[in-house]
Each structure stands twice: as structure tokens, then as C-alpha cells.
Protein chains: 2
Amino acid sequence: MSSAKSITEKLRESARLVDEYMDQVLRVRRPEALYRAARHLIEAGGKRLRPFLLLKACSLVGGEQREAVPLAAAIELLHNFTLIHDDVMDNDDFRRNVPTVHRLWGVPIAIASGDLLFAKVYEAVGRWAEERRPPLERALAIMEKVTRASIEICEGQVLDISFASLKGVTEEDYFRMIGGKTAALLRSSAEIGAIAGGGGGEEVRRLGEFAYNAGLAFQLVDDYLGATADEKVLGKPVGSDFREGKKTLIIVHALAHAPPEEKKRILSALGNPRLSREEVKEVTEILEALGSLSYTLERAREYVEKAKDNLRGFPDCEAKRDLLDLVEFFISRKY
Amino acid sequence: MSSAKSITEKLRESARLVDEYMDQVLRVRRPEALYRAARHLIEAGGKRLRPFLLLKACSLVGGEQREAVPLAAAIELLHNFTLIHDDVMDNDDFRRNVPTVHRLWGVPIAIASGDLLFAKVYEAVGRWAEERRPPLERALAIMEKVTRASIEICEGQVLDISFASLKGVTEEDYFRMIGGKTAALLRSSAEIGAIAGGGGGEEVRRLGEFAYNAGLAFQLVDDYLGATADEKVLGKPVGSDFREGKKTLIIVHALAHAPPEEKKRILSALGNPRLSREEVKEVTEILEALGSLSYTLERAREYVEKAKDNLRGFPDCEAKRDLLDLVEFFISRKY
């Protein structure tokens, strides 16, 4: 049963608290360009899914959400740091309907502003610990989750880059890559919320798995939308993944199942940055005919079910319903 | 009075412990390219000045150096993270006599490997806290010092970049910039050593100031050597600062004191990446005639004296002599 407020309203509510906190932590000072660049994508929007996940996980184990806001902000800062650097690495021009940081300030300041956000992650965690005075154990566990996610994101991003020049990427490779690039941070978000809320080891583990599975589903839907969504709603050009030669699950599936002729066509177009809209459309039709688009959505649905299963043991309450609504949103979203 | 072993021998001794620890923390795993890239500059050498500073500060306040090795490693990881990103930002080709990370692995992996090292900084701090179980207070103070230095480095680096396109950089601007870019990390190193060693607030403060002043001297000597040193010994081309249009104190001084004709000559050559060795030599002679090279060394000597003053209150002991030898080394070094 869904609660009275919609998930998007609820996302907006928790985002307000988190945004306020980030605004404080990122007060503009000298050199201004550095701080403006660091704030750019945060101010451009974003759904604040990870903070929501963290706060609801905290609440689900009996913690006080409000007290975990600095940690939720830390996770969102971490997410935005990785976006800035990813955009440089992938040479992407647009995100959230605005030009990327390196497009506006150049690569050097984009790198530095990502680094600044990364440092601010730990500043926020430190502030939380100063305020809350948790047992050393708990503070270290939270720091470890932040650090582990950061490491896995680096690993996932480099796998992603290396896949672009590989022909034989398997589904297993693909899931390892998105596990690092996307799902690891969602897992850490839920785990941190659960630890901060005073959850026990088993609760932390189950919420972490829930978020990891939800994260895989999220990325699969991202791949799907990147190939099919409305450009304005998406905030970036449709087909950029394809033009960059990204091995999404769509492509991995298609290359494994296409007859020689189609396979050749896909490979010849994949990774060509100058592909026209028409050519992208033509390839998308091949992918559709191969069932690769629907296969990707099916797998996403499968992980959503796994995620829901992970929450089975928790008592019914608003936070649990919110988390279930969140994964439903992951798969039904149009952007 | 100097101790029996030379400072370079002592640096090598403490480096061994720190390198062993870094080697563990950076065990190569998948994706290999990421870990190889992250290890590249660390394996290429480096003097390990910051770890030495940290360990000696720890010892000076009565702490056990060996116990602070993970923190010393954390600081060296942080330093190397900033080097990798700086080299991308400045588009430098060589450091420590080897090609820079982005030259060997490309910009995307260089960015990711710097990020990985940054995460590993906090992993090392976390490991130290797990092992040592300090009071929460002390663990947070150390984390705060790491984070603060990281933020100041970002700020200093962006100031440095922005100065390249400014004509009117003052000495004050210059010292703010190197304060962030170089001296902040030395200050944090000493402070962290002192905190880990159980030092009181006043000891931490004085050791921090000592290291900050030593750091300013270090950077001034760096500027000087960058314009005058032997290329092989330096590990990078002489004159790169000048070709990149960096506002070193040499340049700031020269532009403030040169007659119109010389000033024009300097400005027309500054920031020209294609400047020949002969042209660099010609400009260096102008800088020499203006007294800008010797002025820079004089200021370095002044900060070395300030640094020594900061140690006055500490009782005479081996650690204090080591720190005094270290700042002497800062100013007498040839590389």
C-alpha cells in the first residue's frame, strides 16, 4: 500500500533538508570559481535519491532522520563529485539540462572542484560525528562505508572506460562494472543510514543488499532511458552512451544475440561520436528487434523484486513503504 | 648539533616503513590499470618529506613513531593524489624522472587513480583508528586536519591556475597560493603527528606553524630550483614553470621591479609553451640581473629561520634535531 504523499513529493521534502546542509558546507569563498564549479551540478537539480535512501534506512531501524542529514548530504556530495569527474572522463557536454562543469570552467577547475567535493564529503561526516558524538566504532564504520563506496566507484568507472575498447564484454563483466559504478554507493547510503540509526549488523546487511539490488535496477533503467527517453526530460542527448561506445546491457545482449549482419552494423556504429540522430534511430530499431531493450527492462524488474524481498523481514511502517515506493519509482521513472 | 646519520639516510629509514604500508594499502587488484596508475608516481620515488615530518612531530611530543606509520602513509597518499591531478591540470609530461600518469594511461585513468588515492587516504586513517582505538575526539581531529589540508590544496591549485592569466599578482596573493598548495599539507602533517603522539593543543599549534613556515620555504626553493637546477637531478624540464606561465615569486618580484623594456620581454615570453632552451636561458639571465632569483632564496631563508623559532620551546632531543635538519635540507637541497 502506498502512502498518501507521492514518492516525488517525499523526495522533494527530504531534499530540502539535505540541500540546505550542502549549501552551508559549500559556502562560496575564495577562489570563487572553485566553489561555483563545485556547486554547479548540485544547483542544477538531481533527484537526491541517495540521501532519501539513507534517511529512510535510518528511520526504518528506529533512528531519527533529522540527525542523519549531514550524512545524507555527505553522500550527495560524493555522488556529485563522481558526476563532475565522470563527465570529464567521458567528455560529456550536458547533464541535468545544463552544460557540464568542465564545459563551463575547463578541465583543470572541473578536476579541482570534484576533489573539493570529495574532501567536503569527509568534512560533513566529521561534522556529524562532532555533533552526535557516536561511539568510535560507529563513526569508523560509517567512514569505512563512505571510503569503500568511493573505491568501488573508481574501479567501476575504469572498468566502464576499459569496456569501450573491448568486444567481448560478458553480462558478468557488465554487472561487476555497474555494481561498482552505481550500486555500491546506493548500498553504502542505506548501510550508513542504518548504522547511524543504531541498526544491528543484520539490519545493516539487509538494507545494504536491498539498496544494491535497487541500484542495479536503477542503472539498467538508466541504460534503457539513455537509448529511448525524451531528450528534454532526460537532460542530455539520447544515444550518448552509444556514441561513446559504452557497453550497456542493451549492447552486451545485442552483441551476444545478433546474427552476423546486424552484429557488424552495431559494431560499426558503436563508439562513433559523429553518429547522426537518424543513424542512432536506425541502430535502436535493430536493438529493439533483437529484444535487447525489453531484456534490459526485464532484468531491471528482476532486481526490483530481489530488492523488495530484502525488505521482507522488516516490520511494516512508513519508512518501509517509502523504500518500496522508491524502488517502484526506479523502474517506472521516465527520467 | 647534527646527529650522526645524515638527513637523507634518516629520510630513507622512515620512508621504508611508510612505503611498506602504502604497498599493502595499494595491493593491485582489478581493474589493474587503475592500481598500476595509482602506484606509478609512488614507485618512481619521492623524498617522503611529509611522512618524515609527521613521524618526527609525533616523536617530539613523546609519541611512538611506529604507531603513526599508517597516518604518515595517509599523508603521502594524499600528496601523490594531488600530484597526479596537478600534472593533468598543468599538462606536465614528466615528474620524478618518469612520464606523468596521464601521459602513460590517459587523462580518464589519471583522474580516477588520483581519486582512488584520495579514498585510500581515509582508508589508511580508518585503519590507524581501528588499530589504535584513540578517543573519538582525537580521531576526529586527525580527520579534520586531513580534510582541511585537502580543501586548501584545491583552493591553492585553483589560485595557481587563475594567476597564469593575471598580470597583477602581488606577493600577498603569491603567499596565499603557496600556503594552500604546499604549506597547508606540511602543516597538517606535523599537526597530525603531534595529535597522534598525544601532544597538547599548544604543541600541536607550534609544530603546525613550524611546518607551515618550512613549507613556504620549501616552495620558494622549489621555484628557485625550477628555474636554475640541473634537469636530470630535478626530474623534469627546467623552465616548465615559466613555459606554463606560473607566477612564481621570482616572476612576481621581477614584474614588480623590472624597467619597462625588461618587463615587456618577460611578459612576452612567459606562458609560451614552445620557448626554446636558449630563450629560457635568456630570460633567466634577466631575472638574475633583477635580483629576483636571489630575492626568492632570501625569503626562503627567512622562513627557515621563522620555522626554527617555532621549535624553540621544545626540549632538545633527537626528534627536534631531525626536524631542524629537515628544514636545513629544505633550503640546501639541489633537487
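Author: The answers below begin with chain A as a whole and then turn to single elements and residues. Please keep in mind that this is a predicted model.

Reader: Understood. How many helices and strands are there in chain A?

Author: Chain A contains 16 helices and two strands. Its radius of gyration is 20 Å, close to the 20 Å that the globule rule gives for 335 residues, so chain A is as compact as a globular protein of that length.

Reader: What box do the C-alpha atoms of chain A fill?

Author: Along the principal axes, the box is roughly 65 × 50 × 35 Å.

Reader: And what share of the residues of chain A count as buried?

Author: The share is 59% of the 335 residues. As for the surface, the accessible area of chain A is about 13,400 Å², and carbon and sulfur atoms contribute 49% of that.

Reader: How many positive and negative side chains has chain A?

Author: There are 50 positive and 53 negative side chains in chain A, with the centres of the two sets 2 Å apart.

Reader: What about contacts between residues 24 or more positions apart in chain A?

Author: Among contacts in chain A with a separation of 6 or more, 76% join residues 24 or more positions apart.

Reader: Let us change topic to helix α4 of chain A. What distance does it reach from its first C-alpha to its last?

Author: Helix α4 of chain A, residues 69-90, reaches 31 Å over its 22 residues, close to the 32 Å expected at 1.5 Å a residue.

Reader: Why is α4(A) described as largely enclosed by the rest of the structure?

Author: Because 22 of the 22 residues of α4(A) are buried. Just after α4(A) comes N91(A), which takes a positive phi of about 55 degrees.

Reader: Now F314(A): is it buried or exposed?

Author: F314(A) counts as buried, at 4% relative accessibility. This residue sits in the loop between α15 (292-310) and α16 (318-332) of chain A.

Reader: Which residues does F314(A) touch, leaving out those up to four places away in sequence?

Author: F314(A) touches L60(A), E203(A), R206(A), L207(A) and K320(A). The C-alpha atoms of F314(A) and A196(A), 118 residues apart along the chain, are separated by 17 Å.

Reader: Finally, chain B. Where is E130(B)?

Author: E130(B) lies in helix α6 (residues 107-132) of chain B. E130(B) is partly exposed, its relative accessible area being 37%. Between the C-alpha atoms of E130(B) and T284(B), 154 residues apart along the chain, the separation is 52 Å.

Notes
Residues are numbered from 1 along each chain as its sequence is written. Chains are lettered from A and ligands numbered from 1 in the order in which they are written. This is a predicted model: local features need pLDDT of at least 70, side-chain atom pairs count only at pLDDT 80 or more; totals for chains, interfaces and linings use all residues. Side-chain values use heavy atoms; hydrogens and water are left out. Helices (H or I, at least four residues) and strands (E, at least two) are DSSP runs, numbered from the N terminus. The radius of gyration is taken over C-alpha atoms; the globule rule is 2.2 Å times the number of residues to the power 0.38. Buried means under 20% relative accessible area, exposed over 50%, partly exposed in between (1.4 Å probe, protein chains only). Contact means heavy atoms within 4.5 Å. Accessible areas come from the Shrake-Rupley method with a 1.4 Å probe; for residues, only the protein chains shown count as cover. Lys and Arg count as positive and Asp and Glu as negative; His and the chain ends are not counted. The place of a charge is taken as NZ of Lys, CZ of Arg, CG of Asp or CD of Glu. The expected span of a helix is 1.5 Å times one less than its number of residues.
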